[in-house]
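Here is a short briefing to read beside the model. Look at the structure first, then work through the points.

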Amino acid sequence: SLSSVEASPTQSLPSLSVSPQSSSSSSSSSPGLDTQWDVNFEIPWSKFPEEVMQALERGKRPGPKLRRQMVRIVVTEMMQKCPHVGKKHSTDVAAKMVAKYPSSLQDVIEGDIVGTGYHSLVKQLQNRIENVRRTSTPKIRKRKHQTDDSDQTDEIPLEERAAMQDTYGCIKWNVKFLPLEETQESQKQKMEKLKVMFQHSDANPEEVKCLMKSTFYTQRQHVNQGKSIKCLREEWPFWFDELGMSVHFMELTGIDLKETFTRNLDLKGKRLLDYMTTVCVNKSKKFLQNYARLQRMRGQRSGCSDDVIEMILLLLSYFDEEEESMFFHVEDTCLAEEVQLEQVPLTPVVIVCG
DNA sequence: TAGAGAGGATCGAGGGCACT
DNA sequence: AGTGCCCTCGATCCTCTCTA
């Protein structure tokens with residue numbers, strides 16, 4: 001029953017001639033709505049721009065831009081009649097349109113009609129409908145800059161936001177529930193205890209680890225609220241310490257940060273560096289300049305292998321990342337507490353002296 | 001003239017639902 | 001219970017346009 005689409009452009013026999021197979025009078029049983037809207041639906045030809053109508057009437061194919069304009073107008077009209085346009089409706093409308101102006105709208109490759117001849121228009125209508133229906137606000141709540149006084153008045157309502165999901169390698173990005181043995185109060189106490197322990201250099205690492213692990217829920221709440229680095233540093237000082245950082249990373253991703261990094265450095269470091277310095281140097285002028293700069297600086301630094309430094313910086317450059325958002329430069333004489341935290345980016349950075 | 005941003009297109013996963 | 005179809009959603013890519 002495919003392909004038997006009568007191309008009768010007559011308006012006098014609406015819907016019957018076009019809709020394939022079961023025209024089971026629109027299954028949507030929602031009361032009050034015009035369930036017959038699709039049968040009565042008139043293509044808003046008169047609303048099309050003159051340029052489109054010129055093309056259609058002259059049997060010419062409207063260009064992509066014009067075609068999109070046309071699709072937009074039709075979809076607006078359809079969605080006014082019925083906010084939940086289904087595939088069947090899009091198909092009917094597309095079929096009607098193609099039936100009226102086959103030489104302008106039909107899917108044809110080298111003279112052959114492709115499939116029904118209107119599939120591409122159906123898809124275009126469907127895509128437009130879907131894109132219209134998508135909310136303009138991003139579903140994933142990204143960290144956004146939060147000034148201290150503004151108490152997030154523009155929070156996206158929960159129901160408009162898709163379920164939070166684990167992504168970018170995270171397995172516990174957003175923890176929904178407190179551990180059963182924990183309460184808000186116990187979390188707060190542990191957080192305070194950690195702050196105190198940070199002041200004492202002789203803190204028991206095992207205890208720190210344990211406390212960091214059991215407060216992971218609250219840590220994620222704080223991070224995902226988009227609080228500033230300055231604020232987070234005061235609340236969770238151990239994050240900025242190798243131990244606390246690795247506990248958090250382990251919980252978040254299920255990966256042992258240091259072990260994985262050093263293992264991969266041994267395993268893939270050489271190959272990556274080779275690739276960067278042979279193939280990627282041809283990638284762009286910018287990359288080549290960065291590479292040359294790093295070459296000049298070789299041997300001037302101490303403490304860390306030049307290869308590792310070069311690899312990290314070349315990776316940054318390769319992915320067009322701003323070095324400034326990774327490293328924040330301060331004067332040689334600058335003490336840790338003198339760093340202007342207001343000027344530091346929202347995301348974590350390495351503060352470099354000199 | 002390159003880069004950013006908007007809008008369109010596409011893909012895969014997953015859920016709902018009707019039908020068998 | 002299995003199957004097929006449709007819909008929605010997240011993610012991402014592509015294309016076009018605007019702007020610095």
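**Where protein meets DNA**

A base nitrogen of DNA strand B is 3.5 Å from an N or O atom in the side chain of N131. That is a polar contact (a pair of N or O atoms within 3.5 Å). This is a predicted model: local features need pLDDT of at least 70, side-chain atom pairs count only at pLDDT 80 or more, and totals for chains, interfaces and linings use all residues. Side-chain values use heavy atoms, without hydrogens and water.

**The surface near DNA strand B**

- R68, R72, Q124, N127, R128 and N131 surround DNA strand B; "near" requires a heavy atom of the residue within 4 Å.
- Q124 has a side-chain N or O atom 3.2 Å from a phosphate oxygen.
- Two helices, α3 (64-81) and α6 (119-133), each give two or more residues to this surface; helices here are DSSP runs (H or I, at least four residues).
- The largest share, 4 residues, comes from α6.

**The nonpolar core**

- The largest nonpolar core has 27 residues. Such a core joins buried Ala, Val, Leu, Ile, Met, Phe, Trp, Tyr and Cys residues through side-chain atoms within 4.5 Å; buried means under 20% relative accessible area (1.4 Å probe, protein chains only).
- Helix α3 supplies the largest share of this core, 7 residues.
- Leaving aside neighbours within four places in sequence, M97 is in contact (heavy atoms within 4.5 Å) with residues including I43, W45, F48 and V74.

Methods:
Residues numbered from 1 in each chain as written. Chains lettered and ligands numbered in written order. Polar contact = N/O pair within 3.5 Å; in protein donor to acceptor, adjacent residues only side chain to side chain. Buried < 20%, exposed > 50% of the residue type's maximum accessible area, 1.4 Å probe, protein only.
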